Amino acid sequence: MGIGINDTEVIVGNIGSSKRSKYAVVGSGVNMTSRIESYSVGGQILISESVRQQAGELLRIDAQRDVHPKGAKGPLRIYEVGGLAGGYNLALERKEPSLVTLAWSIPIQCKVVEGKDGGNKGVEGFVVRLSKDCAEITLLKPIKVLTNFKMNLEDVDAKLSARYFYGKVMKRSEQDRQIHVIRFTSLPPEVDAYFQAHRQYAARGVVS
């Protein structure tokens, strides 16, 4: 689960009519908070500039990035929270993915699911390294960092090929623009089992 936090004025209350109403929070700030959250992956907490200023030195900031969310007038700076200082002294556990080089590349088809490239023809690629939650893939066409896209396996049976899985581009190689590291955001059990079988096979090969 990824979390986005924003500090702003909103409208809170029972919204609707006497026939149908619900307790809700609305306003442009709510939409912007949702945009901030959309840049996160599992285990990340992202905050806006307003939250960082309110919390001050209490927060441990591990990274920052300027993004261009839909509906914003200009670039938005977001911060990744790694922990709380002061009397709390709490930190998020951070485990760097242990990527294993596969014995052979796994062909996949990728398709951007948002923005101006959403709905366009898919991009062919290959999974070359794998961890439990991440993958290093080679794409024939470079994709921007933080882009969300859906994928499916190729050269497998029809049932497995029809199982879509989703990921977010976390970084791209500066030396080779075709190499991307993605974090899986949704992975069906069948696809996960297929990937981990390849990963375990490769790991055994390295040990031997």
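Me: What do the buried residues of helix 1 pack against?

Reply: They pack against strand 1 (3-5), strand 4 (45-47) and strand 6 (76-84). Contact means heavy atoms within 4.5 Å. Helices (H or I, at least four residues) and strands (E, at least two) are DSSP runs, numbered from the N terminus. This is a predicted model: local features need pLDDT of at least 70, side-chain atom pairs count only at pLDDT 80 or more, and totals for chains, interfaces and linings use all residues. Residues are numbered from 1 along each chain as its sequence is written, and side-chain values use heavy atoms, with hydrogens and water left out.

Me: Which residues of helix 1 are buried?

Reply: In helix 1 (residues 28-38), they are Gly29, Met32, Thr33 and Ile36. Buried means under 20% relative accessible area, exposed over 50%, and partly exposed in between (1.4 Å probe, protein chains only).

Me: What puts these residues on the same side of helix 1?

Reply: Their arc around the axis is only 105°, so they share one side of helix 1. The arc is that of the directions from the helix axis to the C-beta atoms. An α-helix has 3.6 residues a turn, so residues three or four places apart point the same way.

Me: Why is lysine 144 called exposed?

Reply: Its relative accessible area is 63%. The cut-off is over 50%, so lysine 144 counts as exposed. Lysine 144 is in the loop between strand 10 (134-139) and strand 11 (148-153). Leaving aside neighbours within four places in sequence, lysine 144 is in contact with Val169 and Arg172.

Me: How many aromatic pairs does the structure hold?

Reply: It holds 5 aromatic pairs. One of them joins phenylalanine 165 and phenylalanine 184, 6.1 Å centre to centre with 70° between the planes. Rings of Phe, Tyr and Trp (its six-membered ring) pair if their centres lie within 6.5 Å; planes under 30 degrees apart count as stacked, over 60 as edge-to-face and the rest as tilted. The pair passes on distance and is therefore edge-to-face by angle.

Me: What makes the pair of phenylalanine 165 and phenylalanine 195 edge-to-face?

Reply: Their centres are 5.5 Å apart and their planes are at 90°, so the pair is edge-to-face. Phenylalanine 165 lies in strand 12 and phenylalanine 195 in helix 4 (residues 189-207), 30 residues apart. Both are buried.

Me: Which residues do ring pairs link into a cluster?

Reply: Phe165, Phe184, Tyr194 and Phe195.
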